[in-house]
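Welcome! Please take a moment to look over the sequence and the model before reading on.

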Amino acid sequence: MATLGDVAALAGVSISAVSRVLSNDASARVSATTRTRITEAAKALNYRPNFAGRALKFSRSNVIALIVPDLTNAVFAELMRGVEDGALERGYVVLLARAEDMQPGGEMIDRLLGEGRVDGVLLQVGDHVAPEALASMLRAANPTVLVNSVHPGFSGSVTLDDIAAGRLATEHLLTLGHTRIALINGLTTTHTAQQRAIGFREALAAASGAGTAPGPDAAADSGPITWHGYEPRAGRAALRELMDAAEPPTAVVVANINAAIGVLGEARVLGIRVPEELSVVAIHDAWTAENTWPPLTTVRMPLYELGRRGVDALYARLHGETIADTVVSDPPPELLVRESTAPPIRR
C-alpha cells in the first residue's frame, strides 16, 4: 500500500505538502501545477488515506451528514447527487439520514454530533419539526447549514428561488388564457410555501394591470390559496376544498410535485378531466412527473446546484468562515410543458 512518502517521492515534493494537499488543508500554499502533480501521483500509486489516523490527528472525520425529511422522496434525488458530488471533490463522505429518525435534539443527532462522527450537517427541515428543537440544534457547536429552510436569527441557509418558481408556474397558466387560478400550497409555517405564494400573487397582480396580461384575458384578483401541505393526501384535500367553491378554478398551481400527484388522483375520483376541465402545473420535477397520467407540466428547480452550494457553504463554515444566506438562482427555474395544462374550455 502506497504511503505519503511514496507520493511525495513521485511528485518531487515534501511529505508535508502532500499531506496538506490531499487533506484539503486551506493553509496549503502550493501552486496549481504542484497541486496537480501531487494528485496525479496519488492516483498513479492508488494512494488511499488512512482516515482513522487522520481523524485522530486532525479531530475530524471527513464525514458530513445530509438530513432530509424523507429519503424515498424522488424530489430529493438531485439534491443528494449534488451534495455527494460536491463532497467528493472536497474529500468528504456523505452520511444520508431521514429527519424522522434524527429529529433535532434527539438521541441520534446528539450521538452523531457529540461523539464526533460527523464534522458538520446539511439539514433540510421537515414541515413538522418543532422550532424549539431546531433552535436547540443550531445552537450546538457543530457547523450546520440549512438547505431549503430558514430559521429566524440564523445565518447560513442555502435556498431556491421559490418566488420565481411560483411566478413562472402562474404565468404559464395565464398565458394559456386561464383567469380562475388557485394555488395548492404547503403549510403556512413553511418558508418555501410562503415564497411560492408571493410569486403566485405577483404574477396575478401583474396580469391584472392594464395592458400587462400575458394571455387574451386579464386575470382576476389574487386567486384562492390552500395551505394543507406537500403530501399527496394534502393535494387531494386541497382539490376537494377548491372544487366545492361556487366558482371553482379552471387551473391550479401545485407547490410540490407530490401534492400534484394527489391532485391528479382526486380529480379522477371527482370526475374532473385534466387538462380539459382543470389544468395542473407543479413546482419541482422528478421521474414521477412524466409517468403520471396525464404527464405533469412542472417547474424544474436547480436541486443539484442547491446540493453543491450547500456543501460549499458547509465547507466554508467548517474552516471558520462567516457565511451569509444564499439563494441559488443559476440556473433559474425552468418550465417543462407536458400534457396536464391546456387552454380553458370556452363556454
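What follows is a short tour of a sheet, a helix beside it and some salt bridges.

This is a predicted model, in which local features need pLDDT of at least 70 and side-chain atom pairs count only at pLDDT 80 or more, while totals for chains, interfaces and linings use all residues. Residues are numbered from 1 along each chain as its sequence is written, and side-chain values use heavy atoms, leaving out hydrogens and water.

**The sheet**

Let us begin with an open sheet of six strands, ordered β2-β1-β3-β4-β5-β11 and paired in parallel. At its edges stand β2 (93-98) and β11 (326-328), each with a single partner strand, so one side of each has no neighbour in the sheet. On average, neighbouring strands are turned by 20° against each other, direction ignored. Strands here are DSSP runs of E with at least two residues, helices are runs of H or I with at least four, and both are numbered from the N terminus. Two strands count as paired if DSSP finds at least two bridges between them.

Strand β4 (residues 144-147) is joined to β3 by three bridges and to β5 (residues 157-160) by two. Leu122 stands opposite Val145 in β4, and Val147 has Val158 in β5 as its bridge partner. In a regular strand, side chains alternate between the two faces of the sheet. In β4 both faces are covered, with Thr144 and Leu146 buried on one side and Val145 and Val147 buried on the other. Buried means under 20% relative accessible area, exposed over 50%, and partly exposed in between (1.4 Å probe, protein chains only).

Helix α5 (residues 77-89) packs on this sheet and touches β1 (63-68), β2, β3 and β4. Contact here means heavy atoms within 4.5 Å.

**Salt bridges**

How many salt bridges does a search of the whole structure find? There are 11, each being a side-chain nitrogen of Lys or Arg within 4 Å of a carboxyl oxygen of Asp or Glu. Here are some of them:

| Pair | N to O distance |
|---|---|
| Arg81 and Glu78 | 3.0 Å |
| Arg90 and Asp312 | 3.3 Å |
| Arg196 and Asp162 | 2.8 Å |

Arg81 and Glu78 both lie in helix α5, three residues apart. Arg90 is in the loop between α5 and β2 and Asp312 in helix α12 (residues 303-318), so this pair ties together parts 222 residues apart in sequence. Arg196 is buried at 2% relative accessible area, and Asp162 is buried at 1%. Finally, Asp285, Arg300, Glu334 and Arg338 are linked in a network of salt bridges.

Terms used: Axes are lines fitted to C-alpha atoms, for helices over the stretch in contact, and angles run from 0 to 180 degrees between N-to-C directions.
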